[in-house]
Each structure stands twice: as C-alpha cells, then as structure tokens.
Amino acid sequence: MKRSVLLLLGLTLACGRGGSDDAWCADVDGVRIPAAELRRLVDQRLEDSPDANRDDVVTEALNRLVSAQVVLNHAAKAGVSVSDAEVEVRLRELHGEEWKDDDPHYREAVRREMIVDRIAVIELAPKTRVPESALRAYFDEHRGEYAVPERVQVRQIVVEDRAKADGLHSLLGQGGDFAALARANSLAPEAPAGGELPPFARGELPEAFDRAFELDVGQVSAVIESPYGFHIFLLEQKLPASEPTFEELRSKLEAELGQRHLEELRREWLRGLRKDAEIQSNDDFLETLR
C-alpha cells in the first residue's frame, strides 16, 4: 500500500501532539491536534481530487483527526499501546521485507492506526459473536453467491508467431512433452512451471482461454490466436460446478458477518466516545483553510 493511501485511511492520522496556541486545529480533552496535520490532509485530498468541494474536504479531514484523537485518548487511559517492534512488523507486512524508510512521522502514523484498531478490537470483539440462527438465515439467503462455477485447469504454450506455434503443435502430436516444451519455448510467465495455470472459470480470462472448455481431459487444442500471441492448451482437468454446504462455509460466514457487525458497533462506539469528549475547534485557523 502506498504511503499516501495509508495515511488517508480511516482514523489513522490523528497526531495529538503539543503545539503553540496559534498552531492547532482542534483540542480534544486537552490534547491539541497540530494545524499542520489538518493542512496536510486537506492539501493531499485536493491534490488527489481537484474538483472536490474545499469546505467539505476541510470538514471531513477535521472530523477524521478529531475522531482518531478521541480514540487515542481513550486508548491511553486504558493502557493500550503498540511497541516499536510491532510497528516494524506491520511496516514489513505493508511494504515487504526489503522495505527501508526511517521517516518518523510515517512510523508514528502507522503506530496510531494500530492503536486505534487495537483498542476497538479489545472493547468490541467480544460483542461480535453472530448467533447460529443468523448465520443459517444469511446462508439460506445468499448461498448462491458462494457457488463455484465449472472450472478447468490447463497448461499453455504461448509464442509470438504462427510458424513456431505450428511446429510445436506438430511436436506435441508426435508425443512431445507439453511441460518441457512450455518451459523451453513459452513466453508466458508460468512457463517455468511447465505452463501450468491455476483453475479458471469461463469469462475469468481473455476469450481465447474459454476454448479450453471444449477439450477433453488430456487433449491438446489447435493453435489459437489472441492479442497476446499464439496459444496451445493442454487440458489437465475439469472441475465441476459446486455449491458449498453450510458447514463448509461456517467459518467464512462467521468472519464476514462478525466483521460487518464489528464495523456497526465501531461506529456506535465512536459516537459515544465523541459525545463524552470535550472538543474545541480553532475556528480562526479553520477559516484560513476554507
């Protein structure tokens, strides 16, 4: 995830730090949010969406910062924190093991995002258990959405010109090893794996791939032209359409409905925290942004 995207997600950017009297945008229970944080959020949003209404952008960004600071203050009272080591793990999850960037402001933004998420889970997760009756009702209503269509698994060889494709097709007709010929000749990224592709359904890949559904298992296709070159397919297996049972989907449904319920609880929880907080905005500064 790019840094600019992460920094605009949810409630992650509340940075309640001390500041001078003329350099804050809002005060949340005595913790002042630096004006620079709001200005930067507004500038970033307007850079990404030049046609956005400036007043709306300012209001939305201020609400984000205030809501995040409300939660961070609550987490501090509850003794919830995130260590440097945990931040490091999260950064590597986001950017990969080779990521190197010592920007302290970015690290602090990630830490605060993690704190906000952690205190919400601690306080709300125990309330998210979905009753069996609700799970079964949801499954009965949406079971068709979890159905798996017929799929095929193929190997393919892709080359640039028809003459080479015809030559390889002839070799296959003489008993040539498809995987070996794919490794030696195919231009596709799965060539090192002998041309083997993951299973796919009709319409999931470019139109040429749907021709594989006309083959029998073990059959090699004719040479098929597409915008990507000339293809030869070997049908490895056909996977019939299936509809999972409730028991097979139980864990998935519990996770999906539990997450949905958590989000609903989180909105209500945040409204309650904001209602109990003393929040003051710096109207003089806000006028300079509008």
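Start by selecting strand E3, residues 151-159. Eight of its nine residues are buried, so E3 is largely enclosed by the rest of the structure. One thing to keep in mind as you click around: this is a predicted model.

**The sheet around E3**

Four of them make an open sheet, and reading across you get E4-E3-E6-E5, with antiparallel pairing. The edges belong to E4 (200-201) and E5 (224-226); each has a single partner strand, so one side of each has no neighbour in the sheet.

Zoom in on the E3 and E4 pairing, which is antiparallel and runs over two bridges. Val 152 sits opposite Phe 200 of E4, and Arg 151 is opposite Ala 201, also in E4.

Next, turn to the other partner of E3. How many bridges join E3 to E6? Nine, and these two strands run antiparallel as well. To find your way along the pair, pick Val 154, which stands opposite Leu 235 in E6.

**Helices on the sheet**

Keep the sheet on screen and show helix H7, residues 162-173. H7 packs on the sheet and touches E3, E5 and E6 (229-239). Line up your view with E6 and you'll see the direction of H7 making about 40° with that of the strand.

Then bring in helix H8, residues 178-185, which packs on the sheet too, touching E3 and E6. Here, compare directions with E3: the angle is about 45°.

Select Ser 226, in strand E5. Is this residue buried or exposed? With a relative accessible area of 12%, it falls under the 20% cut-off, so Ser 226 counts as buried. Show side chains and look for His 231: a polar contact of 2.6 Å links the two side chains. Setting aside neighbours within four places in sequence, Ser 226 is in contact with Ala 208 and His 231.

Jump to H6, residues 132-142, and color Leu 135, Tyr 138, Phe 139 and His 142, which are buried. Why do these four end up on the same side of H6? Because they cover an arc of only 100° around the axis. On the other side of H6, pick out Ser 133, Asp 140 and Glu 141, which are exposed. To see what the buried residues of H6 pack against, show helix H9 (246-276).

**A buried arginine**

Go to helix H5, residues 104-124, and select Arg 111. Its relative accessible area is 18%, so Arg 111 is buried. Which residue's side chain does the side chain of Arg 111 meet in a polar contact of 2.5 Å? That's Asp 84.

**Last stop: confidence**

Finally, color by pLDDT. The chain has a mean of 88, and 92% of its residues reach 70 or more. Now select residues 1-21, where pLDDT stays under 50. The model has 63 contacts beyond four places in sequence for residues 1-21.

How values were computed:
Residues numbered from 1 in each chain as written. Predicted model: local features only at pLDDT ≥ 70, side-chain atom pairs only at ≥ 80, totals over all residues. Heavy atoms only, no water. Buried < 20%, exposed > 50% of the residue type's maximum accessible area, 1.4 Å probe, protein only. Arc of directions from axis to C-beta. Contact = heavy atoms within 4.5 Å. Pairing = 2+ DSSP bridges. Axes fitted to C-alpha atoms, helices over the stretch in contact; angles between N-to-C directions. pLDDT = per-residue confidence, 0-100. Polar contact = N/O pair within 3.5 Å; in protein donor to acceptor, adjacent residues only side chain to side chain.
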